[in-house]
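Welcome! Here is a short tour for anyone meeting this protein for the first time. Take a look at the sequence and the model, then read on.

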Amino acid sequence: MAAPALLSLSPAVSRHPHLLFSHTHSPRCLRLAPPAASSSPSGGGGGGGGVFLSPTALSQLDALAAFRYAHSFPHGSLTVRALTPEDDAEADALVRLLASSFSEDVRWAPAQRYAQLLAFVIRRYLHERRGLAPHAAVLVGFYKPAVSAAAEGEDDEGEGEMACTAEVSLDAVGAPGAPPTPTPPLDFPYICNMTVKTSFRRRGIGKQLLKACEDLVVKMDAKTRVYLHCRIIDQVPFNMYKKAGYDIVQTDSIFVWLSLQKRKHLMRKELPQVSVGSECTTIEFDDNILTG
């Protein structure tokens with residue numbers, strides 16, 4: 001395969017969403033993949049990454065397609081699932097969500113033009129990452145507001161509005177080629193690119209999205225030590241991660257500023273060992289203390 005093209009992105013990262021596009025040796029670059037090759041007769045195939053799928057991986061692919069995480073709030077409900085190759089409309093909505101979130105804090109370029117550039121890059125990026133299933137997954141969350149009893153029967157169709165997204169790498173095959181510093185172990189699950197749509201923030205959705213990521217790790221039978229990054233300046237997400245059980249493993253040196261990056265914590269959590277069939281996979285959050 002030819003070497004992937006590189007496109008330099010902004011040194012800024014949106015304050016609330018944690019968009020960590022980091023698939024090259026520069027934390028500011030995305031790795032772009034050419035369109036997916038056709039699947040081989042042996043049943044391996046795959047998407048943009050061209051990953052061969054063993055019988056076990058095919059079974060995991062089915063499990064990933066069937067994954068659902070649901071949570072009910074007093075104000076509505078959230079359903080989180082994996083983005084599939086057939087989700088063309090959802091992929092377009094996800095591109096817009098990520099482009100909007102990532103460009104929020106950009107001050108050096110016209111926001112609209114920058115968002116258009118990001119949309120192009122992110123579309124290619126998602127094409128590659130979906131091709132790495134079941135070794136990696138892009139999760140999308142759909143929110144439906146609570147309805148009155150009289151209107152309940154009229155609003156049952158559809159998943160609702162896309163409200164959030166996150167990416168989970170489950171093993172070394174699905175791991176980023178060169179994740180942000182401090183570098184996590186590539187053969188352990190890694191959560192990144194978490195964001196909640198602006199109009200849905202401060203409703204507890206961020207915490208439930210994090211729980212959905214952890215639930216996926218357990219249900220996909222991945223290693224239970226999970227890593228993520230959090231920028232030092234992002235105090236609210238940091239508090240959320242700490243309350244969820246994540247501890248700081250390492251913190252960027254101050255010299256990371258020389259590459260125009262914000263300093264980050266590498267954080268880690270050991271998920272509880274859960275027996276097959278158990279539904280208790282993550283600790284409970286108190287939605288009244290922190291909102292995401």
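Which residues have the most contacts inside the largest nonpolar core? In this predicted model, they are Leu139, Ile191, Ile205, Leu210, Tyr241 and Tyr246, within a core of 40 residues. Helix α4 gives the largest share, with 8 residues. Another core lies apart from this one; its 18 residues include Leu97, Leu98, Phe102 and Phe142.

Now for the surface. Ile254, Phe255, Trp257 and Leu258 make a nonpolar patch of about 520 Å². One of these residues, Leu258, sits in the loop that runs between β9 (247–251) and β10 (264–270). Is Leu258 buried or exposed? Leu258 counts as exposed because its relative accessible area is 72%, and the cut-off for that word is over 50%.

How confident is the predictor? The average pLDDT of the protein is 78, and 69% of the residues score at least 70.

| Residues | pLDDT | Contacts beyond near neighbours in sequence |
|---|---|---|
| Residues 1–49 | under 50 | 140 contacts |
| Residues 276–292 | below 50 | 45 contacts |

Where pLDDT is low, predicted coordinates should not be read in detail. Please keep that in mind when you look at residues 1–49 and residues 276–292.

Methods. Residues are numbered from 1 along each chain as its sequence is written. This is a predicted model: local features need pLDDT of at least 70, side-chain atom pairs count only at pLDDT 80 or more; totals for chains, interfaces and linings use all residues. Side-chain values use heavy atoms; hydrogens and water are left out. Patches are made of residues with over 30% relative accessible area and no salt bridge: like charges are joined within 9 Å, nonpolar side chains (Val, Leu, Ile, Met, Phe, Trp, Tyr) within 5 Å. Accessible areas come from the Shrake-Rupley method with a 1.4 Å probe; for residues, only the protein chains shown count as cover. A salt bridge is a side-chain nitrogen of Lys or Arg within 4 Å of a carboxyl oxygen of Asp or Glu. Helices (H or I, at least four residues) and strands (E, at least two) are DSSP runs, numbered from the N terminus. Buried means under 20% relative accessible area, exposed over 50%, partly exposed in between (1.4 Å probe, protein chains only). pLDDT is the predictor's confidence in each residue, from 0 to 100. Contact means heavy atoms within 4.5 Å. A nonpolar core is a set of buried Ala, Val, Leu, Ile, Met, Phe, Trp, Tyr and Cys residues joined through side-chain atoms within 4.5 Å.
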